[in-house]
Amino acid sequence: MKLAGAFVIAGLLAVCSLASAEWIDIDWSQVKPIDEFDHYWQRLPAEMQYLRHARPSARIVNGQQATPGQFPYQVALLSNFGTGTGLCGATIITNNFLLTAAHCVVGGNGQVAIGGTAILGAHDRTVVEPTQQRIAFAQSGIFVHPSYNPSTIRNDIATVRLNTPATFNARVQPIDLPARSDARTFAGVEGTASGFGRTSDASTATSPVVMFTRNPILSNAQCNSFWSTAVVQAQNVCLDATGGRSPCNGDSGGPLAVQDGGRSLEVGIASFVSAAGCASGAPSVWVRISFFRDWIQQNSDYVFRP
């Protein structure tokens, strides 16, 4: 028994040693939400530049703290630009690929991030957790939709290939995407948004832990009663923000999921919210996954169900 115990201890030490050798340290003081970068705002016309300095009234973005492992597909995506490191969300779709928003990995003048780190399996992204996998990705592994337009926020979608495959376990799991035959718009269905973004419009800090909120998904006609057909089109899906519950800065690129037959199904990628503030009550706008099935399959190793 003593010998067996010694082997167990030795094995644990070996695992800890391996984990520490692969661990990627992050200076969180150098990480900021993607909207704090100049390139995020430079795409807007001159008359809109004042929005970057506007501070809406302090209203809580009424989310809840997730329980550890509640969203095993959630990723904290850190993209390295020449001017710093941007925080976004992403989702695991296979052990090799993540799905995110194009504006999370494209900087000024259309330059793609030089690489970065994906944090998988985290509850608190800022501390050392045994459940975390911190995996690097290279510029060559970033695939941005060729028709992405930062000025109109069209085709705001990208995939990211990890340098090494993720190891699936209870805290790290891929999310399903709508099957090719799935023609649902999901209007009226409760959607769940999750991420590490700000918890209020007044906050200058993002959340260290995973937060989430739930609201009904809107039809595009309902969404355009606030926005317009020039902004929200067939490639978008919207989430109601009643009660001020909404994704916020730092949540970009993260998932909008529904429960479907006992599994989580990602139907949207966080794209943008109103400049009036995350808690303004304006619907948040997402990239509609089903609109980009062909592109996703061509730019990852994800295979859609028939």
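This is a predicted model: local features need pLDDT of at least 70, side-chain atom pairs count only at pLDDT 80 or more; totals for chains, interfaces and linings use all residues.

**Cavities, cores and confidence**

User: Which residues are closest to the centre of the second largest cavity?
Analyst: The second largest cavity holds about 90 Å³ of space. Its lining is made of 13 residues. Closest to the centre are G69, Q70, F71, A122 and V210.

User: How do the residues of that lining divide into nonpolar, polar and charged?
Analyst: Gly counts as polar in this sorting. The lining of the second largest cavity then divides into 6 nonpolar, 6 polar and 1 charged.

User: Which element supplies the largest share of the largest nonpolar core?
Analyst: The largest nonpolar core has 55 residues, and L98, L177 and I296 have the most contacts inside it. Several elements each supply at least two of its residues, including β4 (84-92), β6 (115-120) and α4 (293-298). The largest share is 5 residues, and it comes from β3.

User: Which residues is L177 in contact with, leaving aside its neighbours within four places in sequence?
Analyst: L177 is one of the residues with the most contacts inside the largest core. Contact here means heavy atoms within 4.5 Å. The partners of L177 are I93, L99, L265, E266, I289, I296, Y302, F304 and R305.

User: How many residues are in the other core, which lies apart from the largest one?
Analyst: Among its members are A193, V237, L239 and V258. This other core has 11 residues.

User: Is V189 buried, partly exposed or exposed?
Analyst: V189 sits in the loop between β9 and β10 (190-195). Buried means under 20% relative accessible area, and exposed means over 50%. V189 has 31% relative accessibility, so it counts as partly exposed.

User: What separates the C-alpha atoms of V189 and N215?
Analyst: Beyond four places in sequence, V189 is in contact with N215, P216, I217 and V258. V189 and N215 are 26 residues apart along the chain. Their C-alpha atoms are separated by 8.4 Å.

User: How many contacts beyond four places in sequence does the model have for residues 1-21?
Analyst: The mean pLDDT of the protein is 81, and 76% of its residues reach 70 or more. Over residues 1-21, pLDDT stays under 50. The contact count for residues 1-21 is 0.

User: And how many contacts beyond near neighbours in sequence does the stretch 54-61 have?
Analyst: Here too the pLDDT is below 50. For residues 54-61, the model has 26.

Notes:
Residues are numbered from 1 along each chain as its sequence is written. Side-chain values use heavy atoms; hydrogens and water are left out. On a 1 Å grid over the protein atoms alone, a cavity is a set of points where a 1.4 Å probe fits but cannot get out, and a pocket is an open set with protein on both sides within 12 Å along at least five of seven lines; lining residues have an atom within 4 Å of a point. Grid points are joined across faces, edges and corners, and a volume is the space filled by probe spheres set on the points. A nonpolar core is a set of buried Ala, Val, Leu, Ile, Met, Phe, Trp, Tyr and Cys residues joined through side-chain atoms within 4.5 Å. Buried means under 20% relative accessible area, exposed over 50%, partly exposed in between (1.4 Å probe, protein chains only). Helices (H or I, at least four residues) and strands (E, at least two) are DSSP runs, numbered from the N terminus. pLDDT is the predictor's confidence in each residue, from 0 to 100.
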